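Here is a short report on the fold of one protein chain. Have the sequence and the structure open while you read.

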Amino acid sequence: MKQKVTIVKVGGAIVEDPAKLAQFLQNFSTIKGNKLLVHGGGRRATKIAAALGIESKMVNGRRITDAGMLEVVTMVYGGLVNKNIVACLQAGGVNALGLTGADMDVIRSRKRPLKDGIDFGFVGDVESTDGARLKDLIEQSITPVMAPLTHDGQGNMLNTNADTIASEVAKVMSKFYDVTLIYCFEKPGVLADPDDNNSVIPTITQVDFERYVAQGVIAGGMIPKIENALRAVKAGVSRVIITLATAMDGEQGTVIKA
């Protein structure tokens, strides 16, 4: 029987709010057994970029990452956000280690090609993930904390979607562990009505997803999140949940099924 590992991705307003982040990390610290954390930080990057006079450009919720913005996200994701999270986890008794995809060559990506005529710049699409090295860390009672940055093997860092990193890590870790992947954010799950927190859709399959997208119920940044979740389930991840940052017990939220 495989050991269990819980992979949690946190982003959105949770990472930006010190009180909410502290509560989330306290909850994360109480997860028993093996665990791994993937974090975002896009809003913080936008704020710091503006302070530096660098304009943030977005297309369909995706950040255009030119050379100047790449420097910002590398500093913010790999430094400011990552190390603050690691420090808070250490204070909570979790032996955490902050990583980007470049560290130990854990995640290698290729620069995204032009898509519909759009040049996303230094944005990475994941090509390979080294689950064995992450497993080595976990077996030493280390909790990896992964920033949304990868590299191309040619010396270049690449901005990479945190939901995608969580999905890719969960997929490779499912070779070694019984994996639960939890996407945490500020809502209690995928909502049928974005203005009603009581309208959580309890279960979403591929067929449901396609129907909800066609109806406009699921839109914007929730589309790639669920696409990543569905890919993880199809690749052997035991359970995928989208839920509140305070509900990591898996008792609430939307369960994604193949």
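## Terms and model

Angles under 35 degrees count as roughly parallel, over 145 as roughly antiparallel, 65 to 115 as roughly perpendicular and the rest as oblique. Helices (H or I, at least four residues) and strands (E, at least two) are DSSP runs, numbered from the N terminus.

The model is predicted: local features need pLDDT of at least 70, side-chain atom pairs count only at pLDDT 80 or more, and totals for chains, interfaces and linings use all residues. Residues are numbered from 1 along each chain as its sequence is written, and side-chain values use heavy atoms, with hydrogens and water left out.

## Overall shape

The chain contains eight helices and 14 strands. Its C-alpha trace spans about 45 × 45 × 35 Å along the principal axes. Buried residues (under 20% relative accessible area, 1.4 Å probe, protein chains only; exposed is over 50%, partly exposed in between) make up 50% of the 258 residues.

Contact means heavy atoms within 4.5 Å. Among contacts between residues at least 6 apart in sequence, 69% join residues at least 24 apart.

## The sheet

Two strands pair if DSSP finds at least two bridges between them. Eight strands form an open, mixed sheet in the order 5-8-2-1-11-13-14-12. Its edge strands are strand 5 (96-99) and strand 12 (203-204), each pairing on one side only.

Helix 5 packs on this sheet and touches strand 1 (4-10), strand 2 (34-39), strand 5 and strand 8 (143-146). The direction of helix 5 makes about 135° with that of strand 8.

## Around strand 11

Strand 11 is mostly covered, with six of its eight residues buried. Seven bridges join strand 11 to strand 1, and the two run parallel. Here Lys-9 stands opposite Tyr-183.

Strand 11 (residues 178-185) also runs parallel to strand 13 (residues 239-244), joined by six bridges. Thr-180 stands opposite Arg-239, and Ile-182 stands opposite Ile-241.

## Helix 5 against helix 6

Axes are lines fitted to C-alpha atoms, for helices over the stretch in contact, and angles run from 0 to 180 degrees between N-to-C directions. Helix 5 (residues 131-139) and helix 6 (residues 162-173) pack at about 80°, with axes 9 Å apart. The two helices are therefore roughly perpendicular.

Gly-131, Leu-134, Lys-135 and Ile-138 of helix 5 meet Val-169, Val-172 and Met-173 of helix 6. These contact residues divide into five nonpolar, one polar and one charged. Nonpolar covers Ala, Val, Leu, Ile, Met, Phe, Trp, Tyr, Cys and Pro; charged covers Asp, Glu, Lys and Arg; the others, Gly among them, are polar.
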